[in-house]
Amino acid sequence: MASPVNAALCALLATAFWSFLGYALTRHLLPRALAIGAAPVMGWAVHSAATLPLFFLIGFSPLAVVVLAALCVAIAVVTLKLAAKAAAEATPAIPWWAFVAAAVLALVPAEAILPKIAPGAVHLADPIFDHSKIAMIDAMTRQGLPPVDPVFGAVGPHGQLFYYYLWHYSAAELALPLHVSGWEADIGLTWFTALASLSLLMGLAVWLSKRSAAAIWVVAFAAAASLRAVLGWIFGSYSLEPFLAPPTGFAGWLFQAAWAPQHLMAASCVVAAMLLIARYAQRQSVLLLLTLVLVVVAGFESSTYVGGITFAIAALAAAPLLLVAIEPGRRLRFFLGMAAAAVLVVCFAAPFLDNQLMAVAARGDNDPIVLRHFAVLGAMFPAALRRALDWPAYWLLLLPIELPATYVAGVIALVAMLRSGAPPREKLTVAALACLTGAGLSASWLLASTLGDNNDLALRAMLPAASVLIAAAAAGMLLLPRRAVIAAAALGGLILSLPDTAAMIRSNVDGTPAPDGAVLSQAPELWQAVRRYAAPTARVANNPLFLQDLTPWPANISWALLANRSSCFAGRELALALAPLSDARREAINAQFVRVFAGEGTADDLSDMAKKYACDVVVVVPQDKAWSNDPFALSSDYRLAENRDGRWRIYVAVKADPAAR
């Protein structure tokens, strides 16, 4: 099981390393409060985006990671010495106690990923479902770069990973030299991601308000959850059905920090990129431009939906405002700089762009993104009326419910700041952030992704907007003439959301007890036995539905967290996210594997597993119906390697018997 000590080691090392690198860079680019606040995000973004292609060339090994990290630290020391010669700014900074509060709040999403040890059982919290991609981290530490697809092993061109994996790569950077598991690195990086996001927003709020106290309000507003708990007490249903459609994961910062940290980091990169673009409009420099390129690349390579689509919409929306605000004599230079940045971004991100396009083509979906408004209202309304009312209901119902502390207060604050007498450079930055807010909320409102069961584009595109609204509301409470209205809206929403916050924290800490928790507690021994027969490059097969009641949807979670071996087919849900398969083929393969482990597999099914899907090692457990009707026992494609009575049977492919480690 994942060790909290090892996870904490990863978290602290990530914070120290990337914050130091980031501050050495941002000190030359941004005002002091922003430089301190943006340091963790920009340090992570620049380092991760720059080193990934280098490791493709020199190899991804513990020694390479340590040497490159030491070189980065040496460069950072030199640049900090140069920055120290500049005059210090007499401006407010983020208080140390605000960082302490942010570190404590960041424990909430990290706690959701930790195993909950109980007598004779291990429980998991619901967000662990989306962290089943931990298998990607283990695959990179085990097999290097470029990463293999850990969930599907069909013979052919699909050994390559078709997913935006920069965040998971940075977790592998932690796991490799520290010799910790991918699960432990994921927990540590989840904590760092939350802290880095809060640090950026605290710096932004302090810079906008010129008040250090704004930082603590960022932490408070980030802790706000939904109004569903309070409304549920009134109307008798947390989901608010049938008045509203069932909740799908469209939620604020605290929820998303636990479920989708890679998208949260991408959102932080997008916010930082908009700050850099506004800064470049005021002061052109090569260092600023190159930093912008790497931050944008990092955002895209962490989340296509957030760092790609949402950022592109926001940048296009902000471009006319920025050009008008720039002095006529400097517009051409700004335009050429942005054009050069766009070309460099495409060059850096070309492998990821190619992967995403190939994945879409392989899935056979000609319309991966469509224009479709967000469904808000429920079955209480007739279909025709519901379609008409959904359009305003998104802005008038859904956003106030899910962002109660910051939606109204943040919008008022942004408008007030744009109308204030602030210096032009600050108003230009606010305008860029307002464009980002509008772009993120509008993308969630009008665009839908069709590549999965959920509209992931809508669920994640709002994250940059939610982040900006947190900082704007915190700054607006202390600075503006309308601070009384802003404070009333923000504090009222915060207080009403606290019951849902408390329930979320309790769920993350306690997990969800399930009968299979007793089996999970013994799973480390099972997967250790499997690794005795599976070489690091081998692929294993187990029942895709094994321990399915531990997660909201079947995720083969014990394999994802503990196997440290790639799977030949990990299950429908993981293949949906990571394997470039058409809907029909994915469902057919899933049905085939489920059938085999239900004890109904044919000789042809087992032959496909050995030859077509490259299943080198197979494990059968008593929870499988195949335990009492074992098709592998008489198979000519597999031989029995180990039989632990009442625990497991391990079979090895006859023609692909990998050397044991």
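Please keep in mind that the model is predicted. The chain holds 26 helices and nine strands. Its radius of gyration is 25 Å, close to the 26 Å that the globule rule gives for 661 residues, so the chain is as compact as a globular protein of that length.

**Overall build**

- Along the principal axes, the C-alpha atoms fill a box of roughly 80 × 60 × 50 Å.
- Of the 661 residues in the chain, 59% are buried.
- Among contacts with a separation of 6 or more, 78% are between residues 24 or more positions apart.

- Strand 5 (residues 539–541) pairs with strand 7 (residues 617–620) in the parallel sense, over two bridges. If you want a place to look, A541 stands opposite V618 in strand 7.
- Strand 7 and strand 9 run antiparallel and are joined by four bridges; here V619 stands opposite I650 in strand 9.
- Strand 9 also pairs with strand 8, in the antiparallel sense and over six bridges. I650 of strand 9 is the bridge partner of E642.
- Strand 8 and strand 9 form a hairpin with three residues between them, and G646 in the turn has a positive phi of about 75°.

**How strand 9 is enclosed**

- Six of the six residues of strand 9 (residues 648–653) are buried, so this strand is largely enclosed by the rest of the structure.
- Both of its faces are covered: W648, I650 and V652 are buried on one side, and R649, Y651 and A653 are buried on the other.

- Eight of the 10 residues of helix 5 (residues 134–143) are buried, so helix 5 is largely enclosed by the rest of the structure.
- The buried residues in helix 5 are I134, A135, M136, I137, D138, A139, M140 and R142.
- Their cover includes helix 6 (166–178), helix 7, helix 23 (557–563), strand 6 and helix 24 (572–578).
- Just after helix 5, G144 takes a positive phi of about 80°.

- G182 lies in helix 7 (residues 182–209). With 0% relative accessibility, G182 counts as buried.
- G182 and L562 are 380 residues apart in sequence, yet 8.9 Å apart in space, C-alpha to C-alpha.
- The axes of helix 7 and helix 19 (residues 463–479) come within 8 Å and cross at roughly 35°. The crossing is right-handed.
- At this contact, L201, L204, A205, L208 and S209 in helix 7 meet S467, I470, A471, A474, A475 and L479 in helix 19. By class, the contact has nine nonpolar, two polar and no charged residues.

- S268 has its place in helix 11 (residues 261–282), and at 3% relative accessibility S268 counts as buried.
- Not counting residues up to four places away in sequence, S268 touches V41, S197 and L200.

**Backbone spots worth a look**

- As background, most residues other than glycine have a negative phi, and most peptide bonds are trans.
- L145 and P146 are joined by a cis peptide bond, with omega about -5°; P146 is found in the loop between helix 5 and helix 6.
- The peptide bond from E241 to P242 is cis, with omega near 5°, and P242 is found in the loop between helix 9 (228–235) and helix 10 (253–259).
- H179 has a positive phi near 55° and lies in the loop between helix 6 and helix 7. At 67% relative accessibility, H179 counts as exposed.
- K210 has a positive phi near 60° and lies in the loop between helix 7 and helix 8 (214–222). K210 is partly exposed, with a relative accessible area of 32%.

Notes: Residues numbered from 1 in each chain as written. Predicted model: local features only at pLDDT ≥ 70, side-chain atom pairs only at ≥ 80, totals over all residues. Heavy atoms only, no water. Buried < 20%, exposed > 50% of the residue type's maximum accessible area, 1.4 Å probe, protein only. Pairing = 2+ DSSP bridges. Axes fitted to C-alpha atoms, helices over the stretch in contact; angles between N-to-C directions. Left-handed = near helix turned anticlockwise from the far one by under 90°. Contact = heavy atoms within 4.5 Å. Nonpolar A, V, L, I, M, F, W, Y, C, P; charged D, E, K, R; others polar. Rg over C-alpha atoms; globule rule 2.2 N^0.38 Å.
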